[in-house]
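Dear colleague,

I am handing over the structure below, and after it I set out what was found. Please read the notes with the model open beside them.

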Amino acid sequence: MTVYSMLDLAITAPGQHISDALAATVPAAQTAERTGYHRVWYAEHHNMPSIASSATSVLIAHIAAHTNTIRLGAGGVMLPNHSPLTIAEQYGTLAELHPGRIDLGLGRAPGGDQAMLAALRRNPQDAENFPTDIIELQSYLGNRLPTDAVNAYPGRGTNVPLYILGSSLFGAQLAARLGLPYAFASHFAPAALHQALNVYRETFQPSETLDAPYTIAALNVIAGDTTTWATHEMARTQRQRLRGFLKNRADDLTDADIDTILRSPHGDTIRDMMRYTATGTIDDIRPYITGFIQDTGADEIIVAHAVSGLDERLRSIEILAEALAE
């Protein structure tokens, strides 16, 4: 049976304070835990005013202290932005504090633009070290390094599970070669979903941590008690995505301006980004989710609830669980 999980970006709506967005992550995780979700992941992004999940390890620690059993992790840490030792220490600390509950998804993208990389004191060439950085990180989290070498304390012996995240064939090939689980970011970059999953499965090499391919596919869900509400929410989400895409250029644009752009060929990019989105009531999303699982053959789906308003978001979380339970 395919398990279902949640991706939480701690979205900050226009006019909302960041503290409110972060506070909302707690009831969201608690609702996911109560309704049977397998895990919740938080993604590293930078220089994006609408996303408050940049410090993933700090946020995970906060959520873990307010939940009991659900798995928590990064989906993901952008490893080229950090030293492997630092990430091993952060996630090793989380694993020691919350044993058996911590995951570590790893991405190669910077999570921001060139100016952000400079602010992080990194450069674009750091991404070339992604494969060797993963191997180094694995060694810090395991027991293989000699005790007289540099070790991660905390970290050593925690064996925090690693996942490779991607939206292209590179991540699929790397995950297959290292024998690690693979998660595809089809909730915003759907183009190569099927090709990447096929490449991963066909070239997978068993490892000490995984003896068979394990795939995770992502999609958006906008679930409500009425189709009318969900349709309006989908339109709002598209406007917000377009504003984020335009960045500062969108500051002086009204919703009517944004709608005009969305009806133009430029809007095709936003609509395609949300190609995999289940929208509507429980009767609408159940067949969509079932079809998505059958189409991808994913072992796990991870869902981004693209919903504004805390109460509405919690209801969307519940409806998905109800749909899959039935």
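In which hand, left-handed or right-handed, does α3 pass α5? The crossing of α3 with α5 is right-handed, a crossing being right-handed if the near helix is turned clockwise from the far one by less than a right angle, and left-handed if anticlockwise.

This is a predicted model, in which local features need pLDDT of at least 70, side-chain atom pairs count only at pLDDT 80 or more, and totals for chains, interfaces and linings use all residues. Residues are numbered from 1 along each chain as its sequence is written, and side-chain values use heavy atoms, with hydrogens and water left out.

The axes of helix α3 (residues 84-97) and helix α5 (residues 130-141) come within 9 Å and cross at roughly 40°; axes are lines fitted to C-alpha atoms, for helices over the stretch in contact, with angles from 0 to 180 degrees between N-to-C directions. Helices are DSSP runs (H or I, at least four residues), numbered from the N terminus. P84, L85, I87, A88 and G92 of α3 make the contact with D133, E136, L137, Y140 and L141 of α5, where contact means heavy atoms within 4.5 Å.

On the other pairing, the axes of α5 and helix α6 (residues 169-178) come within 11 Å and cross at roughly 35°, and this crossing too is right-handed. Here F130, P131, I134 and I135 in α5 meet F170, L174, R177 and L178 in α6.

Leaving aside its neighbours within four places in sequence, I134 is in contact with L79, L106, L162, I164, L174, L178 and L180.

Notes:
Helices (H or I, at least four residues) and strands (E, at least two) are DSSP runs, numbered from the N terminus.
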